[in-house]
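The sequence and structure come first.

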Amino acid sequence: MNKIIMTENLKVGYNKQVVIDNVDIQGLRGQLICLLGPNGVGKTTILRTITGLLTPVEGAVYIEDMDINHINKNELAKKMSVVLTEQVALNMMTVYEIASVGRYAHTNFRGTLTQEDVEVVENALNAVKAFHLKDKYFSQLSDGEKQKVMIARALVQEPEVMVLDEPTSHLDIRHKVEVINILRDLCKKKKITVIMSLHDIDLATKGCQTILLMQKGKIVAQGTPEEIICAGTIQALYELEGATYSELLGSVEFHHISGEPEIFVLGGGGTGSEVYRAALREGLGICCGILHKNDVDYHIGEALGCTIFSEECFCPISDKTYFEALEQMKCVKYVIDTGFPVGNTNLRNLDLLIAAIDMGKPVFSRSKNPDMRFGALADSIIGVSSIKEIFERIRSLAK
């Protein structure tokens with residue numbers, strides 16, 4: 001394997017006091033590496049140390065087998081570029097001027113740009129989709145545009161390693177995705193090794209090849225997202241309360257705060273998820289079912305902390321599960337039919353809907369074919385066209 005950057009027995013910190021011990025980074029050429037963890041765990045300290053801005057408490061950082069502390073600063077700038085969160089006073093400089101600054105490690109002592117240097121600057125601006133901004137002043141740019149320009153300046157150095165501290169901070173989702181895609185392209189097309197810190201779990205797990213999980217001054221796990229992001233990892237890492245991070249779905253779901261369930265939701269095939277979330281935003285406790293354990297609604301309901309009636313994958317609904325769900329249905333105020341698709345394995349959910357009508361429960365249905373679904377009882381259900389309408393009607397009934 002072609003290692004471009006590595007650490008050896010590295011301990012980092014300030015004033016000879018160790019903040020993080022046993023920092024082991026083995027960066028391959030063209031790899032996208034992420035330090036992921038809560039605020040204050042030492043991500044920036046590690047990045048400052050591997051760039052030479054901080055002296056290691058112990059150990060060393062190597063680029064191509066050379067200790068960075070033994071590399072001339074000008075030569076190091078040709079091998080490694082840095083994009084930190086603090087931005088120096090650049091407001092009165094144009095985008096082109098800022099990008100050009102990154103070229104000075106390659107120029108003569110006067111800093112004169114050759115035609116080749118000009119082409120490198122222009123290519124870098126094109127690579128980050130910022131060439132059209134070249135004549136604008138830095139102060140005129142959005143946060144996302146500013147970040148792209150800083151990456152262009154780093155790219156102009158033609159580095160083998162690029163280090164970025166929180167490159168997506170304060171950016172909207174469009175610019176977050178754009179920045180990560182730019183970095184992925186640099187890794188793939190230019191074989192630059194990118195090392196960065198992130199707060200955004202979703203971007204890190206879906207966009208990076210290697211993740212170092214950090215917690216309380218320690219690297220607690222390292223590897224591919226598939227290797228290290230398992231059940232409960234993110235929950236414990238960020239000490240989440242009142243919400244669950246679903247590794248399967250890559251999302252955070254807030255727990256309901258109500259007491260006993262007031263609504264029984266019959267869903268499946270992804271038709272129930274938004275209903276669950278909407279009910280919990282309304283402060284209404286819900287139970288879900290009957291769902292198969294490979295159904296996305298099951299996993300979202302589980303992350304939300306809902307009461308779920310479930311069946312094993314691909315198995316027909318059993319008498320036991322059916323009657324348990326039926327007993328719970330007797331205790332709720334409202335029943336919601338999400339318009340779930342019906343097959344052989346979940347057919348008995350239709351029986352539950354009929355039972356709810358027989359009990360006199362208000363049954364809200366999003367079915368597009370109520371006559372086919374409910375037969376002669378179709379006039380007994382409350383047809384709704386949207387999730388919003390369901391809860392407007394529930395609020396009206398509750399008055």
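This is a predicted model: local features need pLDDT of at least 70, side-chain atom pairs count only at pLDDT 80 or more; totals for chains, interfaces and linings use all residues.

Residues are numbered from 1 along each chain as its sequence is written, and side-chain values use heavy atoms, with hydrogens and water left out. Helices (H or I, at least four residues) and strands (E, at least two) are DSSP runs, numbered from the N terminus.

- H10 spans residues 273-281, and Ser273, Val275, Tyr276, Ala278, Ala279 and Leu280 in it are buried. Buried means under 20% relative accessible area, exposed means over 50%, and partly exposed lies in between (1.4 Å probe, protein chains only).
- Glycine 283 follows H10 and has a positive phi, near 80 degrees.
- Arginine 277 also belongs to H10. Leaving aside neighbours within four places in sequence, arginine 277 is in contact with Glu253, Ile300 and Leu304. Contact means heavy atoms within 4.5 Å.
- The C-alpha atoms of arginine 277 and isoleucine 300 are separated by 9.0 Å, with the two residues 23 residues apart along the chain.

**Helix pairs**

- Two packed helices are described by the angle between their axes and the distance between the axes. Here the axes are lines fitted to C-alpha atoms, for helices over the stretch in contact, and angles run from 0 to 180 degrees between N-to-C directions.
- H10 and H11 pack at an angle of about 20 degrees, and their axes are 9 Å apart. H10 is therefore roughly parallel to H11. Angles under 35 degrees count as roughly parallel, over 145 as roughly antiparallel, 65 to 115 as roughly perpendicular and the rest as oblique.
- The crossing of H10 with H11 is right-handed. A crossing is right-handed if the near helix is turned clockwise from the far one by less than a right angle, and left-handed if anticlockwise.
- H10 contributes Ser273, Tyr276, Arg277 and Leu280 to this contact, and H11 contributes Val296, Asp297, Ile300, Gly301 and Leu304. By class, the contact residues of H10 with H11 are 5 nonpolar, 2 polar and 2 charged. Ala, Val, Leu, Ile, Met, Phe, Trp, Tyr, Cys and Pro count as nonpolar, Asp, Glu, Lys and Arg as charged, and the others, Gly among them, as polar.
- Helix H4 (residues 115-127) packs against helix H5 (residues 143-156) at an angle of about 140 degrees, with the axes 9 Å apart. H4 and H5 are therefore oblique to each other, and their crossing is right-handed.
- Val120, Val121, Ala124, Leu125 and Ala127 of H4 meet Ala152, Leu155 and Val156 of H5. The residues of the contact of H4 with H5 comprise 8 nonpolar, no polar and no charged.

**Nonpolar cores**

- The largest nonpolar core has 48 residues, and Ile151, Met162 and Leu183 have the most contacts inside it. H5 supplies the largest share of this core, 7 residues. A nonpolar core is a set of buried Ala, Val, Leu, Ile, Met, Phe, Trp, Tyr and Cys residues joined through side-chain atoms within 4.5 Å.
- Apart from this core lies another, of 24 residues, including Ile4, Ile20, Ile33 and Leu212.
- Beyond its neighbours within four places in sequence, isoleucine 151 is in contact with Val83, Val128, Met162, Leu164, Val179, Ile182, Leu183 and Leu186.

**Other buried residues**

- Tyrosine 322 lies in helix H12 (residues 319-329) and counts as buried at 9% relative accessibility. Not counting residues up to four places away in sequence, tyrosine 322 touches Ile290, Ile317, Arg348, Asp351, Leu352 and Ala355.
- Histidine 175, in helix H6 (residues 173-190), is buried with a relative accessible area of 10%.

**Backbone geometry**

- Most residues other than glycine have a negative phi, and most peptide bonds are trans.
- The peptide bond from glycine 289 to isoleucine 290 is cis, with omega near -15 degrees. Isoleucine 290 is in strand S15.
- Asparagine 15 has a positive phi, near 50 degrees, and is exposed at 74% relative accessibility.
- Aspartate 65 has a positive phi of about 70 degrees and lies in the loop between strand S5 (58-63) and strand S6 (66-67).
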